[in-house]
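Please look over the model shown below before reading on.

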Amino acid sequence: MTQVQLRAVRKEFGSFVALEHIDLNIASGELVALLGPSGCGKTTTLRMISGLDNPTDGEILFDGKDVSDVPVRDRNVGMVFQRYALFPHMNVEKNITFGLRVRNIPAEEVEARLEEILDIVQLTQFRHRFPAQLSGGQMQRVAIARTLITKPSVLMMDEPLANLDTNLRGEMRRFIRDLQQRFNITTIFVTHDQVEAMELSDRVAVLFDGRLEQFDTPDAIYHRPDKISVAKFMGASNIFQGTIGDGVVKAGFADLAVTGTQQFDAGEQVDVMVRSEAIRLLKQPQDGAANQVEGEIRTSDFFGATVSYTVQVGDHQLNVDEHSTEKLDPGSRVFLQLPGDRIWLFPKRAN
Amino acid sequence: MARKATNTFTHLSPFQRFYLIAVAGLIVGPFIPLIIQSLAFRWAWPNLLPTVWWMEQRERSPIPLAWDYVLSPYSRVYEATFNTMVIGLAVTVICLAICLPAARVLARESFRGKSSFEFFLSLPLIVPEAAIGIALLMIFINLGLAGSYFGIIIAHLIPTIPYMVRMLTAVYQGLGREFEEQAMILGATRWQILRMVTLPMLMPGVVAGALFTFLVSSNIFLLTFFLGQGKIITLPTLLFSKISGGTLDASAAGITLIVSLPGIILLIISERFIKEEAFGKGFGN
């Protein structure tokens, strides 16, 4: 149970600024995702918390104490590397007990803790195997066990699900969640996958170009993004230009009634975002429905549970995701409803 | 995993069989007359086999003949073998101690002038050994190192270091940083990381490099000849003194066979080691 704080952390590699003024407060026992495209500085953040790299400026605190001068081996953190970094010349047992053996813990205690952890990660029958004889999921469980056996105060994982195939990912996700709750350990993981970040974490920190863009719950990040960049990164969206009117935003194809126009000046240019799954698609118009527009289906892609359509409305194309109970063909006339409480407005900025 | 070797050659085409026999003949061939010669007392052209064997003359001769001579103290074979081993081991150990840290830097760090450094590293392999030997001899005479073990060991490091650095650099490049970082996070000290993680993972490369260095060192003639000044003889210099007359008698043939023994033994050891290493690591990868 450790609280992790980053205060005004900055990291430079030569003239390249990897991280700029990062402030992050991670509560004790929380599971946090560092989300961002590759090169955004998320792995650097992880490495600095672990002590493998040191910040150029700013401080890192564990439970309020600055750990900048604490060397890696005394920081008592755990790290699961993306490619697991299992020692290939040691079997499962030797790999898992490594952290105890280097600390000269008595053999009986090592054995007892090994048995316990092998049982938790369900690897007892593989204990004498070498890493090359294990599957990806088994290797990851060895890597997690090797870390948890040392009882770290913070657990870190670099792209924990990236190297697993689709079927295993779901299983591993539940496994990581269970373990995290069972050990009640502050956990930070890095991912470039929005879905993974939202599914697994209590809170998501979105990083772009070394800047922390938003740090909030998955729900807020997805539905109430602070910035258009975050909104774009979090998945399929429709983004278009608009001008603020009286309680409405004037998009090129229609005037849309939107809640929350009051924070903008009349006539101000804004970016408008509406998620593709928020739009309702109807074959017949509904009388008196707000924000209803008519359009024609251009493309339709079947994804099993959903169908993705692009719909031509005036000179705009809108993406719409619908349940696949009925698949409409390109050329069909349809009516779209854009719910006013699910349309998001962002002030025009350089980004 | 490994394909089962079949016991016969029947599945091979005549060409493949000829090829195998030719290769085997070229490798083993030269040893056959050498072995016969080492057992001969009189063997002259055009006889296919010696007319008089060593065993027939053994009792009558007042001086030790052939293998009796080779294995007697007069031949100085024991002394030369001992020197070759001591020098070879020392060169191998020192070479490893220099090249391991050097290879780590070359594999992982980038620095100004790295590519020219790498070029100059192979210079000792380009410059003729005789030139290095003469230059070193002049310096070492002044330093009082000529004719000493120390002088020969330093000389042997010159042609062995380039090979070793290259070999270990390649091995280090294959070893990602994350293993050492993981060990560090798990609480290991620098020494523990080296002993428990880095060295075992580098082992195949280290063993191959060490065997190679030892072999090169135990085969160096010219540098040893110059710098040993006749005070320190090794197997190659001993052999040269026996065959420099232009004839190869039974005892010289025997010494030649002994000189080739270390290489054969090391080759067998390395084959063994590499197989066990592959087995220990399990399947695949």
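Into which domains is chain A divided?

## Domains of chain A

In this predicted model, chain A is divided into domain 1, spanning 4-229, and domain 2, spanning 236-347. The C-alpha centres of domain 1 of chain A and domain 2 of chain A are 39 Å apart.

## The side of chain B that touches chain A

Between the two chains, 19 residues of chain B are in contact with 20 residues of chain A. On the chain B side, α10 (178-185) and α11 (190-219) each supply at least two of the residues that touch chain A, and the largest share, six residues, comes from α10(B). By class, the residues on this side of chain B comprise nine nonpolar, seven polar and three charged.

## How α10(B) and α11(B) pack

The two helices named above as contributors to the side of chain B that touches chain A also meet each other, with B:Phe179, B:Glu180, B:Ala183 and B:Met184 in α10(B) in contact with B:Ile193, B:Val197, B:Thr198 and B:Met201 in α11(B). The residues of this contact between α10(B) and α11(B) divide into six nonpolar, one polar and one charged.

As for geometry, the axes of α10(B) and α11(B) come within 10 Å and cross at roughly 160°. Angles over 145 degrees count as roughly antiparallel, and α10(B) and α11(B) are therefore roughly antiparallel to each other. The crossing of α10(B) and α11(B) is right-handed.

Methods:
Residues are numbered from 1 along each chain as its sequence is written. Chains are lettered from A and ligands numbered from 1 in the order in which they are written. This is a predicted model: local features need pLDDT of at least 70, side-chain atom pairs count only at pLDDT 80 or more; totals for chains, interfaces and linings use all residues. Two residues are in contact if their C-beta atoms, placed from the backbone, lie within 7 Å. Helices (H or I, at least four residues) and strands (E, at least two) are DSSP runs, numbered from the N terminus. Ala, Val, Leu, Ile, Met, Phe, Trp, Tyr, Cys and Pro count as nonpolar, Asp, Glu, Lys and Arg as charged, and the others, Gly among them, as polar. Domain bounds come from an automatic or database domain assignment. Axes are lines fitted to C-alpha atoms, for helices over the stretch in contact, and angles run from 0 to 180 degrees between N-to-C directions. Angles under 35 degrees count as roughly parallel, over 145 as roughly antiparallel, 65 to 115 as roughly perpendicular and the rest as oblique. A crossing is left-handed if the near helix is turned anticlockwise from the far one by less than a right angle, and right-handed if clockwise.
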